[in-house]
Amino acid sequence: MPPPPPWLSVFPFCDSRLVRTQQTTFQIDIASDIVSSMVVGSLKLWTDLVVEGFQKSLRVGKFLCLLHAIDTYVCTPVLPYGPSMLPTLNSTGDLVLVERVSTWLGKVGRGDMVLLRSSEDPRKTLIKRIVGVEGDTVTYLVDPKYSDASRTCVVPWGNVWVQGDYIYNSRDSRTFGAVSYGLVEGKLFWRIWPLKSFGSLHGKAKEDS
């Protein structure tokens, strides 16, 4: 604290009041400095937190965009369900990879297992095998559970004929007809799970048949 001014000796009765005033002023200055330092420190802390949060959010956003792009245009994991692809795929418990590049390049054809959008319910996707492409003549059993009656048809242009490997319990082109090639979303190429079946799905039907 600074020393009292010399004129205080002339007015001794003011000495105590002025000293207390100076002390109070000095304390207020110190408190103001402390508050200012706290405010500045808090603002810097919050600014650093906001910047760090924004940077992390940006990295997460970029990662999610990358995942979305890969899932939409390159490759996506799928959990097949149902008996229609037995014995190639299990009814449940399989995890397979579907690549979309072949579809974009028009490299999907006979014998390929494909993921396609249902022509009956666009909210659903199906896994079937292409047994005929545009211009092919396809002969199929109408209801193999109960008879050997068969029919023959020609696959229209721009369409594919799809069937399940287990024809006794599969709803496929025999029921809803040929499917537009535009509904084919990708080709199954690799099984991830179960581990005992880990590997390529290419030509799997020939091995199982």
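User: How much of the chain is buried?
Analyst: Buried residues make up 28% of the 209 residues in the chain. Buried means under 20% relative accessible area, exposed means over 50%, and partly exposed is in between, with a 1.4 Å probe and protein chains only. This is a predicted model, in which local features need pLDDT of at least 70 and side-chain atom pairs count only at pLDDT 80 or more, while totals for chains, interfaces and linings use all residues. Residues are numbered from 1 along each chain as its sequence is written, and side-chain values use heavy atoms, with hydrogens and water left out.

User: What about secondary structure, how many helices and strands?
Analyst: The chain has four helices and ten strands. Helices (H or I, at least four residues) and strands (E, at least two) are DSSP runs, numbered from the N terminus. Along the sequence the pattern reads α-β-β-α-β-β-β-β-β-α-β-β-β-α.

User: Which strand does β5 run antiparallel to?
Analyst: Strand β5 (residues 137-141) runs antiparallel to β6, and five bridges join them. Two strands pair if DSSP finds at least two bridges between them. Within this pairing, Tyr140 stands opposite Arg151 in β6.

User: Does β6 lie in the open or is it buried, and why?
Analyst: Strand β6 (residues 150-154) lies largely in the open, because the number of buried residues among its five is zero.

User: Back to Tyr140. Which aromatic ring does Tyr140 pair with?
Analyst: A search of the whole structure finds three aromatic pairs. One of them is Tyr140 with Trp161, a tilted pair at 5.0 Å centre to centre with 35° between the planes. The pair links distant parts of the chain, with Tyr140 in strand β5 and Trp161 in strand β7 (residues 159-163), 21 residues apart. Both Tyr140 and Trp161 are buried. For the terms, rings of Phe, Tyr and Trp (its six-membered ring) pair if their centres lie within 6.5 Å; planes under 30 degrees apart count as stacked, over 60 as edge-to-face and the rest as tilted.

User: What sort of pair do Trp190 and Phe198 form?
Analyst: Trp190 and Phe198 form an edge-to-face pair, at 5.6 Å centre to centre and 75° between the planes. Trp190 is partly exposed, with a relative accessible area of 31%, and Phe198 is partly exposed at 49%.

User: Different topic. Where are the cis peptide bonds?
Analyst: One joins Leu86 and Pro87, with omega about -5°. Pro87 is in the loop between β1 and β2 (95-99). A cis peptide bond also joins Trp193 and Pro194, with omega about 5°. Pro194 lies in the loop between β9 (184-193) and β10 (199-200).
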